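Me: I want to learn how to read a fold from its coordinates. Please take me through one.

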Amino acid sequence: MKQLINKKVLKTMVPLSERTIDAMEKRGEFPKRFALSPRNVVWDLEDIENWIAERKMACEQVARPGINHTC
């Protein structure tokens, strides 16, 4: 069963501004939200968790031994 999260929960998971998230969504770089009603949008929790894992993996692949990286 899919779990859905609202904007309030999303912001606790992803510390980006609303404007940044909107822009990333438009460019296809962030999971798309969908509307449950005209005033209530949500994201699929699994999509957000996968996006976070992909970002973490990309950062780890860039890191080289002996060099401190901050992603």
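Reply: Start with surface. Accessible areas come from the Shrake-Rupley method with a 1.4 Å probe; for residues, only the protein chains shown count as cover. Here the chain's accessible surface is about 5800 Å², and carbon and sulfur atoms hold 53% of it. This is a predicted model: local features need pLDDT of at least 70, side-chain atom pairs count only at pLDDT 80 or more, and totals for chains, interfaces and linings use all residues. Numbering runs from 1 along each chain as its sequence is written, and side-chain values use heavy atoms, with hydrogens and water left out.

Me: In what order do the elements of the chain run?

Reply: Helices (H or I, at least four residues) and strands (E, at least two) are DSSP runs, numbered from the N terminus. From that end the order is β-α-α-β-β-α.

Me: Which residues of helix α2 are buried?

Reply: Buried means under 20% relative accessible area, exposed over 50%, partly exposed in between (1.4 Å probe, protein chains only). An α-helix has 3.6 residues a turn, so residues three or four places apart point the same way. In α2 (residues 18-26), I21, M24 and E25 are buried. They fall within an arc of 100° seen down the axis (directions from the axis to the C-beta atoms), so they line one face of the helix. Exposed R19 and K26 sit on the face turned away.

Me: How do the strands pair in the sheet?

Reply: Two strands pair if DSSP finds at least two bridges between them. The open sheet has the order β1-β3-β2, with antiparallel pairing. β1 (4-5) and β2 (34-37) are at the edges, each with a single partner strand, so one side of each lacks a neighbour in the sheet. β1 pairs with β3 (residues 40-44) over 2 bridges. I5 has W43 in β3 as its bridge partner.
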